[in-house]
Amino acid sequence: MNNKQGLVVYCILSALLLGASLSVSAKGDPESGQQLSMKGDGSGAPCMTCHGPNGEGNAAGAFPYIAGMNEQYLYRQMKAYQTGERNNAVMSMNVDNFNEQQLHDIAAYYASLSKPASTSKDTDSELLKQGERLVSIGNWGEYIPPCSTCHGPNNRGVNENFPGIAGQHASYIKQQINAWKNGNRKTDKVQLMEAVAKRLSDSQIEAVSAYLASIPASE
């Protein structure tokens with residue numbers, strides 16, 4: 001087995017282990033979630049303040065789109081902000097008073113919305129070409145697998161463990177890759193993202209973020 005094959009096998013096995021260990025099952029009420037998203041948790045701002053009226057996010061503030069994302073993934077991220085597993089002062093303050101059912105309801109609401117087509121306004125063709133190569137093919141000489149190895153065909157997500165990243169705001173993608181790279185984000189139990197992020201240079205992160213933002217988030 002060569003290095004490339006070994007890395008692919010490692011990614012697949014890690015994905016299977018992650019799916020087996022982190023599966024969550026619960027039902028949320030989208031109607032209740034919509035009301036909660038507009039009111040907030042009683043101490044913080046409503047979700048739409050940062051994530052927009054339709055969950056489209058805000059590129060300038062590096063607030064991600066959350067519309068149409070996997071329901072259990074959204075729940076787990078909000079829970080991680082509550083427990084401190086993910087560190088973000090704004091998010092932690094705005095979800096800390098929601099109970100379990102309310103988190104599930106909010107997740108169900110945003111999961112029910114349509115994803116944006118694309119969020120990119122980048123016209124730098126060379127940057128996009130570099131990003132496309134890394135996202136679609138990877139760089140096996142540097143042990144960097146293509147994003148679709150885990151994030152699925154067209155990087156539109158697989159399940160609650162591997163979210164859709166196609167069409168996500170470049171500013172947010174860049175922010176999160178750097179968080180993995182610097183060890184500031186620890187929600188990946190098998191450290192797949194941390195390992196890949198540490199191998200990416202600043203220019204590669206810029207290119208990957210720009211290209212992912214340029215491709216459609218949904219069919």
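I count two residues as in contact when heavy atoms of theirs lie within 4.5 Å. The model I am reading is predicted, so I take local features only at pLDDT of at least 70 and side-chain atom pairs only at pLDDT 80 or more, while totals for chains, interfaces and linings use all residues. I number residues from 1 along each chain as its sequence is written, and side-chain values use heavy atoms, with hydrogens and water left out.

**Entry 1, Ala107.** I looked up Ala107 and found it in helix 6; helices here are DSSP runs of H or I with at least four residues, strands are runs of E with at least two, and both are numbered from the N terminus. Leaving out residues up to four places away in sequence, Ala107 touches Glu71, Leu74, Tyr75 and Met78. Is Ala107 buried or exposed? Ala107 is buried, because its relative accessible area is 1%, where buried means under 20%, exposed over 50% and partly exposed in between, with a 1.4 Å probe and protein chains only. I also noted that the C-alpha atoms of Ala107 and Gly33 are 7.1 Å apart in space, although the two residues are 74 apart in sequence.

Ser32 sits in helix 2, residues 30–39, and counts as partly exposed because its relative accessibility is 24%. Its side chain makes a polar contact of 3.0 Å with the side chain of Asp105; a polar contact is a pair of N or O atoms within 3.5 Å, of which, within protein, one must be able to donate a hydrogen and the other to accept it, and residues adjacent in sequence count only if both atoms are side-chain atoms.

I found Lys115 in the loop between helix 6 (100–112) and helix 7 (125–136). Lys115 is buried, since its relative accessible area is 18%. Setting aside neighbours within four places in sequence, its contacts are Tyr65, Ala67, Gly68, Met69, Arg156, Gly164, Ala217 and Ser218.

I then listed the buried residues of helix 9, which are Tyr172, Ile173, Gln176, Ile177, Ala179 and Trp180. Seen down the helix axis, these fall within an arc of 155°, so they line one face of helix 9; the arc is that of the directions from the axis to the C-beta atoms. Helix 10 (192–197) and helix 11 (202–214) are among what covers them. Just after helix 9, Gly183 takes a positive phi of about 80°.
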